[in-house]
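Here are my notes on the two-chain model you sent over.

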Amino acid sequence: MVQYSRFQLSALIILFQIGSSSLFLLASDAKRDAWIATLFAMLVGFALLAFVTLTIQKLAPRQNLIDILLAHFGRYAGTLLAISYVFYFSYKSIRNFREFSDLMIVYLLPHTPLAVVLLLLILLSAYAVYQGVEVFFRLAEVLLPVVLIVYCALIFLLIGADIVHFDRLQPMMEEGVRPVFDAAIPEVISFPFGEMVVFLMLWQYYGDRKTLSRVTLYSYLFAGVFIVITNMAIIGSLGPVSLISSIPFMMGTSFVQIASIIERMDPFVALLLFTGVFMKQTTYFLAATLAASRLLKLNHRTMIVPVGMAIFCGSLMFRSQMAQVWVGFKYNLKYHFPIFQIAIPLLLLLIMLAKNRRMKVRA
Amino acid sequence: MTERRSTPISESSASALEWIMDELGHGADIVTRAFACGGADDQPLITLVYIEGLVDPMAVNGRIVDRILDASQTLGEAASAPERLRLLKEKVLAVGGITEVQSGEHILKSLLEGHSIVLAEGSANAICANTAGGEHRGVEEPSSQTVIRGPKEGFTESIRTNVSLIRRKIKSPKLRIDYKSIGTVTQTQIAVVYLKDIANQKIVDEIHERLDGIDTDSILESGYIEEFIQDRTFTPFPTLQNLERPDAIVGGILEGQIAVIVDGTPFVLLAPVTFNRFFQSSEDYYQRFDIASFLRLIRFGSFLVSMLLPSLYIAITTFHQEMIPTTLLVSLAAQREGTPFPAIVEAFIMEITFEVLREAGVRMPRAMGSAISIVGALVLGQAAVQAGLVSAAMVIVVSFTAIANFVIPAINMATASRLIRFAMMILGGTFGLFGVMTGLMFLLIHMVSLRSFGIPFMLPMSPLSISNLKDVFIRLPWWALSTRPRLIADPKANVRQGKNQKPAPPSSSAGERNDE
């Protein structure tokens, strides 16, 4: 029986949420108010998580998303939705893989072909998926302290080297509340806060059902506050420049120079980027594999090769990094992801509640 | 294994003896001694058989031969063969371990274990007296796991000595020693040693089950056992510890681990084991806790260095020169200017040269040691740099890597890092830092998936156990280590010592009291 502990769940949620989002400036449309937009999106995401996603799991414990969809939407609609979720998870995975490979090529390996980097990454993730849910959660548990320590050290260095100036955050909401909301909804909700929907594939293995909500919500809040703080640190250190830099956090830390000994922090930022995106892409890879294997009633290990192949080919289909980012911001975040993160779960929850009520009335 | 046959012992001593000699191939080291005891010369009443070299000659001569000769009158007058056997057992033979055996196979087995067999004419039973002994190495200082402070005794090749070394340290009736013999031909004795109620019974059963499952003809060293019972074969990491030091084994047993002693080798296995155990030396617990903790951190650091340093050097000099401070970069570039090979080839040349040197150092006769070190240090080090084959920086990197490797207390973990190093070098040479990170992540996934007898290999880190962390990266003072590591020992035997034992000076000092 696969099972994982409280701390392991917490570790994966935090790592998954932080992912790479702390390195980038979320809600950059809101300019220096980005952190307020992020905070707002985080709270909306919290409500979504508490009242929709977690509630679905609580109404159907020991079932994963595919089971629930098949049980409540009937055979045809359920299968269709389940397949679309397999695609959604795979697509999220593809985006992460592609983004990661592109960044690696830009920053570390300018002469290496994209396909080679991608292949190496997918093999690595496939190995983690092959080892299964339990090992993956344990991996998160080992990585979390490292990631948090490196982040804290970097932020401490940023402040210690007198790079962060919080007066750059002022004036707050110069143009009113509107631009802040516009930036937050729906972009920041769908990335990263609404992504918690993927845990519907993983929660069923959690050992202690009573603490599920509490652990999940606390971990989410921790990760959310952490993202807001790094967001503030990025704006505080770079000001308006943070809007045009591709990895603002790396740019910020590259200014750190203390006593000409502590400098060149890039490798550490690259390490954070690596672990963060790796955890995220693998979580989606794992979820896609689990979902596909549940649909076809196969062992999840047999699905690794087809899903992995699909992700590999899918990642190569974007013409360029810019195309990928553009598609993401222009369409995915606004129109596509909210369907899977908000609309379908909400509909599912309503159906489940209605059915529950009918059952109660009958009883 | 074929079912054990049972051949009855002939009542005639002569034919019984003949059967034994036939079975053992009339070896020259089989000693037989007939005692007439007043019977006919060609039909002695009592016959003694033993194998020279396996027995303790003092015991055979003084306690068996002497006693039988002294009592030959009484023995000759005994009424019947069973009566004579009873007399021998009860009055004559002055040996502690005496058993009466009925089958020929039992006689052969006992003979080969160093027992002496006493046959009495007319009896279908034989007496088997434990006179095992003979020459073996005495207890010496361990050669591969040395410490500065701590006991200087090490295990030997004799399982009896090894068990007694453990018994002497744990004077508890709960110490359990389960013997079994494995190997259809070698019949090697194995002892499973643990503390009842402290070791987890499930793991003890698991070890017994795996040991009983071994079907082989020979066990010559604990390495055979290790490869038969470890959880995963295809991994560079060892999942059993081998130790030459009784104090380290006893320390493990007291924490709930289980020792497997194999006759014929001073290396005793310890299971289940977690990753951090390979970085502990028994000396950590004898030294002050602050220096012990510091040394632990040094060891973990050295493990990383020994695994990663060459690959990081290759990656950074090949792909990410911008990460090197400018002055260092200039001097590195000046050094590398004259060398013909890319960094990865250079590193491979030097690493493999070092591995060859190291292997040569182990194999060659001691007398040639100094010759090799001169050749190694001067010819391959300095001369290679001067000849422009490799850069000086690479020699520094390779030698520091090699030295870091010797810091790791467990040799089997040190060898793991040696193998991983080469894979990392290839990754670093092809994908730079990205490759090294990929390799590290792969290792981490692999390590969290490992188990040793059901115990997660990365135990205190994953699953996280805060109380176990008291003795992983740092060692807290003894009075703070009040519990055994969670999950390894029996959960009921968690508490190890009393709380609040932190020493403090007396509340009113001795000097003040004198003033009163």
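1. First look at chain A. Keep in mind that this is a predicted model. Chain A has 12 helices and 0 strands, so its radius of gyration is the next thing to check: at 20 Å, it sits close to the 21 Å that the globule rule gives for 363 residues, so chain A is as compact as a globular protein of that length. Laid along the principal axes, the C-alpha atoms of chain A fill a box of roughly 70 × 45 × 40 Å.

2. How chain A packs. Of its 363 residues, 48% count as buried. Among contacts in chain A with a separation of 6 or more, 81% are between residues 24 or more positions apart.

3. Helix 3 of chain A. This helix covers residues 65-72, and A:L65, A:I66, A:I68, A:L69 and A:H72 are buried in it. Looking down the axis of helix 3, you'll find those buried residues within an arc of 165°, so they line one face of the helix. After helix 3 comes A:G74, with a positive phi near 80°.

4. Where the chains meet. Chain B puts 20 residues into the contact and chain A puts in 24. On the chain B side, the residues that touch chain A split into 15 nonpolar, 5 polar and no charged ones.

5. In soluble globular proteins, nonpolar side chains tend to be buried together. Here, the largest nonpolar core has 203 residues, and those with the most contacts inside it are A:L15, A:A37, A:A140, A:V188, A:A291, B:A259 and B:I261. Domain 2 (159-273) and domain 3 (289-456) of chain B both give residues to this core, so it lies between them. Apart from this core lies another one, of 32 residues, including B:A34, B:F35, B:V118 and B:A120.

6. B:A259 up close. Leaving out residues up to four places away in sequence, B:A259 touches B:V193, B:I249, B:G252, B:I253, B:V268, B:L269 and B:L270.

7. Domains of chain B. The assignment gives domain 1 (13-130), domain 2 (159-273) and domain 3 (289-456). The centres of domain 2 and domain 3 of chain B, taken over C-alpha atoms, are 34 Å apart. Their contact takes 15 residues from domain 2 and 14 residues from domain 3 of chain B. On the domain 2 side, the elements giving two or more residues are helix 7 (201-212) and strand 8 (241-243) of chain B, and helix 7 of chain B supplies the largest share, 3 residues. By class, that side of domain 2 of chain B has 8 nonpolar, 4 polar and 3 charged residues.

8. One arginine to look at. Is B:R421 buried or exposed? With 20 C-beta neighbours inside 10 Å, B:R421 counts as buried, because the cut-off for buried is 20 or more. You'll find B:R421 in helix 15 (residues 411-449) of chain B. Setting aside residues up to four places away in sequence, B:R421 touches B:S306, B:M307 and B:P310.

Technical notes: Residues numbered from 1 in each chain as written. Chains lettered and ligands numbered in written order. Helix = DSSP H or I, 4+ residues; strand = E, 2+ residues; numbered from the N terminus. Buried ≥ 20, exposed ≤ 12 C-beta atoms within 10 Å, placed from the backbone. Contact = placed C-beta atoms within 7 Å. Rg over C-alpha atoms; globule rule 2.2 N^0.38 Å. Nonpolar A, V, L, I, M, F, W, Y, C, P; charged D, E, K, R; others polar. Arc of directions from axis to C-beta. Core = buried A, V, L, I, M, F, W, Y, C linked by C-beta atoms within 7 Å. Domains from an automatic or database assignment.
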